[in-house]
Amino acid sequence: MSHGQNFSRRDFIKISSIFLAGSAAITTATGHAFSGADTPVGDEGSKVVHSFCEHCFWRCGIAAHVRDGKVYKITGSDHHPLSQGKLCPRGTGGTGLLYDPDRLAHPLIRETKGGRQFYRKASWEEAISLVAEKLWNIKEEHGPGALAMLHHGYGVSFFKNMLSQIGVNKYAKPSYDLCCGPARQASVLTYGYPSDTPEGFDMKNSKYMVFFGTHFGENMHNTAVQEISDGIRNGAKIVVFDPRFSTLAGKAEHWLPIKPATDIAMMQGLMHVLISENLYDKAFVEAHTVGFDELRDSVKDMTPEKVTEITDIPADAIRTVAREYAFHAPAAFVHSGRRTNWYGDALQRIRAIHILNALVGNFWMRGGVVKFEKFPLVKPPATHEHPAYEKEAYSKYPFFPQDEPSNTLASHEIIQETIAGNIKGLLIYGVNLPETMTFGREKAIEAMKKAEFVVAVDVLPAEVTGYADVVLPECTYLERYDDLDNGRAFRTPFVALRQPAVSPMYDSKPGNEIAKMITDKWGIHGAFPPSVEKGLDKKLRLVGSSLEEMKKKGVLVMPETDLYRKQGEPLNLNTPSGKVELASAQMKAAGFDAVPKYTPQPEAPAGFYRMLTGRKPMLTFGRTANNRFLGDVATAKENEVWVNNRIAEKHSLQNGEYVHLKNQAGVVSEFPVKVKVTQRIRTDAVYMVHGFGHSAAKLTWAHKRGASHNQLISRTDIDPAMGGVGFQNNFVTFIKEA
Amino acid sequence: MSNKKNYGMVIDTRVCVGCSACVYACKQENHVPEGYCRDWVVQETGGEYPKLTMENRSERCQHCENAPCVTYCPTRASHYAEDGTVQINRSLCTGCKACMAACPYDARYVHPEGYVDKCSLCKHRIEQGLETACVSICPTGSLHLVDFNNMDQKTKTLLSGKVVYRQKEHAGTEPGLQWISASNKHGA
């Protein structure tokens, strides 16, 4: 392999279609998998394989229906607590990934000839040898700190194990920065334990649910949507603060179109009313919290009238919500949300949410905040003793987690360290870096070009694969075993099995095999069990089951746990005070506000509008972008930019016309996007779903559909406390088609 | 208790989020060809900012008791089945589209193989004692398969005291889909 003259320049390579699955005369078979016109309806002659989904992080149980060696239908597993027989659209769409004609079919190696870079098809032996050699050499020459992995997806455990064998300890999941990180760490700081998935709210038993800008219903988190629906049927009221009339707002008793970036002010206003009107739970606050006086003083001036000026929500409405919330407590909560990391203040914003919960005494109460438990698996002895240098926390952010072995620093830290030349080798697992919002597209590409060696493990020829030296085609989650899943906490703790419904297609391989092949090349044996099946069986036998047993239902479920606290019992939380921390001495000691305080964010330049984002219920950003089956519904085909009708009139925009978007830094969207003129959004913001506008031509379905939200992120705001990335201080205007 | 079945659906729009799981489940179950669907989602917004309302509906063939498609089908391909549903006998269908013109609900399409196709209420599943694919998958529990001749207590409770409507009743079709309006708020 040669990089040509300039080692640091890595050009984007368009993968030739002869290396993709579409060339393997599979297109007709694919067509049948979707339409199945030649097979009768019904399930005769089929078998059901129970596994769990990989189309989003929720990891619901699925039942893959297989006939003649093909998955023809995917439904929700009846046995799995997170699905209970139900499934979201993305879950059904596994067939669209499995039979995607654009799938990576062979290992690819970058070559340079005559100044031109291109990929050539390689054998696994050759590709694995090259990856093993390059990673090893970087480790030998620069130390294990010069290697890092960016990852997304449940198959990563094998690669984590592989890299830790040679001392690598730089792992980042962009989802921490963008989505789950602030909620996790706000919970640690306030309650002494991390938040989980599903989030710890007793939704089905709640009478009053308050949401700030989180979009359940558009975010199709199966279990959460099931429980919200139960709540609605049981008579719960819903309150939604959101600049946009989301689907969830459509279910709400009160939709309050709050000015974007002012949520913390609203939360302080609600605290003010709860305290000044003596609506808070004094007994709980006295017995189980610390820092009330500091909190009270900090919200003293945040009267509803003052908050109205900041948030655009009438003072009466603020009082009404606070009073109703207190009235329904403890069967009431403010939800911590998901993917609400917007302005670099997300940790404090979600701390404010937890404080609102604690004030009404809903902690571990029916219909309020609860703590779901995980299935306790016996931890096998480590195959590798970590010397002290590997245990160092590499993140520079004071409230970055210290207890997540596969997430040791923020993904933007990896990007920056790579650009700075400290990290020289990158393994990118399942992350389409140029379209992932961790630091904007430009920085991601700069880092990949700068790195000495990049290996991408992926299923599809996403943009990221064009920047790799070696591309390793992993098979889909429907074709492989992965590690056992006891990472989800719920009412009935459970452990789930991912097992193959069909054999790997083309020349793709499961991650567990790929990682083992690389460690074998390093001469490290014993890092992995002789086979993935044997390893799973051993783990299951430690909890009184077996792989054979587990394969039948795909899940092992414990009885329901008791979620509610008893009166008079101390909470003994794992916070410094042992109590719920309204004011955080830890944060104060690190130089931050002990209680959350609103600070104004930048305003849009004249003629520009704040760019808000979200998702469609049938799509999960990169995972489903190229999914023809899921794309085959009118509302799934492209993203639209939502523009308030008054703003549309001002810019002479017609509903359905296509425009380019330009952001405050002058970046113009590569592709045009359709305008949706609507009353469902405020006049100071526009909205577009993330995950469209793909530039990789080999994603033949996703290519040029809609516009890329990620491309228009020129400014990011990093949370100085926990390292998350906010990206909503970006503003766009419209360029009409000539 | 009647021996004669009369299947239809009760659709609770209070909880429907319009996710379209019903559409995809149907496409897989019934091998609906690419570019077509037998059920679909409508999201209807009303009112004036900021007092907006929304109703999400998973729509499909209404399996009418007085079905114009059956009346106007010249070959008797469209017919009433014994279980109260409206079905199409593909071998009799000439693809003339008279039924499509007659249907007030726009529930039909011409299959690429030449016959007219629509929701069968998963007759093949009902016959096996299963619920329809859309009902089975729905995460919100919005969709309910109901035998209106033998309505169970759960369905009666669900409908009780709520604003329930049928679509285009003025057409005299006696549609077999009943809708719990999204205007029913908290526990109505």
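The model is predicted: local features need pLDDT of at least 70, side-chain atom pairs count only at pLDDT 80 or more, and totals for chains, interfaces and linings use all residues. Residues are numbered from 1 along each chain as its sequence is written, and chains are lettered from A and ligands numbered from 1 in the order in which they are written.

**The sheet**

Select the 4 strands in the order β10-β9-β8-β12 of chain A, which form an open sheet with parallel pairing. Strands (E, at least two residues) and helices (H or I, at least four residues) are DSSP runs, numbered from the N terminus; two strands pair if DSSP finds at least two bridges between them. At the edges stand β10 (254-256) and β12 (332-334) of chain A; each has a single partner strand, so one side of each lacks a neighbour in the sheet.

Next, select strand β9 (residues 237-241) of chain A, which pairs with β10(A) in the parallel sense over 3 bridges. Here A:Val239 has A:His254 in β10(A) as its bridge partner.

**Helix α11**

Move to helix α11 (residues 304-311) of chain A, whose buried residues are A:Pro304, A:Val307 and A:Thr311. They fall within an arc of 60° seen down the axis of α11(A), so they line one face of the helix; the arc is that of the directions from the helix axis to the C-beta atoms. The face turned away from this buried side carries the exposed residues A:Glu305 and A:Glu309. A residue is buried if 20 or more other C-beta atoms, placed from the backbone, lie within 10 Å of its own, exposed if 12 or fewer, and partly exposed in between.

Finally, select A:Asp312, which follows α11(A) and has a positive phi, near 75°.
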